[in-house]
Amino acid sequence: MAVDPLIELRGVNKYYGELHVLRDIDLTVGRGEVVVVIGPSGSGKSTLCRTINRLETVESGTITLDGRPLPQEGRALARLRAEVGMVFQSFNLFAHKTVLQNVSLAQVKVRGRGKDDADRRSRELLDRVGLLAHAGKYPAQLSGGQQQRVAIARALAMEPKAMLFDEPTSALDPEMINEVLEVMRGLAREGMTMVVVTHEMGFARASANRVVFMADGRIVEDRDPEGFFTNPGSDRAKDFLSKILKH
Ligand SMILES: Nc1ncnc2c1ncn2[C@@H]1O[C@H](COP(=O)(O)OP(=O)(O)O)[C@@H](O)[C@H]1O
Ligand SMILES: [Mg+2]
């Protein structure tokens, strides 16, 4: 496949003090591609996501979005955060704002939309994630799966070029996982560029173009999902898969 790169990392290294947490990371995410990142706890998956929207700085290497280096600060950085939507394990909604206000807020503050315009768009997105009927509620009145869908709608409201998901279903009760994955599968089908840290193998198999396996801060494998799951090339991946498939 000819890749039209949207996100590119070249020779990226990051340290936390003495800890070399990202080691010589080279990763290209093409426009419209879905890349699932898996690996043991502490292997650097969250840090990788956080460097892509510059919640973390790196010591060396380059990261580009749509051909441009990530901005360092100021307005350009705020715009970057809008262009690369991020969804975390914890939903991070504003507790004292309604669902509608949560989705509209940054549209007004960062994108400069008028309130009515923002609310109209928020309602469309809430409808799309199946939560229009809950627009006037507060986050605490929703289930975890519903809150996570609000968080996704909020990120989409910024019209991002790409979406990063860091274990979006890990904090959810089992019966709520699928409603969140269904929204993500829909985004993938529509051609959203996505980097997804998850251990949901069903999602990886059905929706990912590639699986990136990380261990100890390195990318150990970067390949098609079916090949990775049926015939992992490294002992680290074999060991990891045998553990997660057992439980
Ligand atoms: N803010 C931080 N300060 C110091 N060490 C950190 C920080 N964040 C993560 N780490 C360490 O970096 C390593 C990678 O963490 P992380 O990217 O969260 O891994 P993963 O998401 O794969 O579990 C771990 O050893 C973790 O303890
Ligand atoms: Mg993590």
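The legends below describe close-up views of a predicted model.

View 1. Ligand 1 is surrounded by Tyr16, Leu19, Val21, Pro40, Ser41, Gly42, Ser43, Gly44, Lys45, Ser46 and Thr47. Sorted by class, this shell comprises six polar, four nonpolar and one charged residues. Strand 2 (19-30) and helix 1 (45-52) each contribute at least two residues to the shell. Helix 1 gives the most, with three residues.

**View 2. Polar contacts of ligand 1 with Ser43, Ser46 and Thr47.** An oxygen atom of ligand 1 lies 3.2 Å from a polar backbone atom of serine 43. At serine 46, a polar backbone atom is 2.9 Å from an oxygen atom of the ligand. Threonine 47 takes part through its side chain, an N or O atom of which is 2.5 Å from an oxygen atom of ligand 1. Taken alone, ligand 1 exposes 560 Å², and the protein buries 57% of that area.

**View 3. The largest pocket and the residues closest to its centre.** The volume of the largest pocket is about 540 Å³. Its lining consists of 22 residues, of which Arg81, Met86, Ala106, Arg154 and Met158 are the closest to the centre. By class, the lining has 15 nonpolar residues, together with five polar and two charged ones.

**View 4. Secondary-structure elements that line the largest pocket.**

**View 5. The aromatic pair of Phe213 and Phe240.** The model contains three aromatic pairs. One of them joins phenylalanine 213 and phenylalanine 240 in a tilted arrangement, with 5.6 Å from centre to centre and 45 degrees between the planes. The pair is classed as tilted because planes under 30 degrees apart count as stacked and those over 60 as edge-to-face. Phenylalanine 213 belongs to strand 9 (residues 210-215), whereas phenylalanine 240 belongs to helix 9 (residues 235-246). The two residues are 27 residues apart, and their pairing links distant parts of the chain.

Key
Residues numbered from 1 in each chain as written. Chains lettered and ligands numbered in written order. Predicted model: local features only at pLDDT ≥ 70, side-chain atom pairs only at ≥ 80, totals over all residues. Heavy atoms only, no water. 1 Å grid on protein atoms, 1.4 Å probe; cavity = no way out; pocket = protein on both sides within 12 Å on 5 of 7 lines; lining within 4 Å. Points joined across faces, edges and corners; volume = space filled by probe spheres on them. Helix = DSSP H or I, 4+ residues; strand = E, 2+ residues; numbered from the N terminus. Nonpolar A, V, L, I, M, F, W, Y, C, P; charged D, E, K, R; others polar. Near = heavy atom within 4 Å. Polar contact = N/O pair within 3.5 Å; in protein donor to acceptor, adjacent residues only side chain to side chain. Areas by Shrake-Rupley, 256 points an atom, 1.4 Å probe, with all protein chains shown as cover. Phe/Tyr/Trp six-rings, centres within 6.5 Å; stacked < 30°, edge-to-face > 60°.
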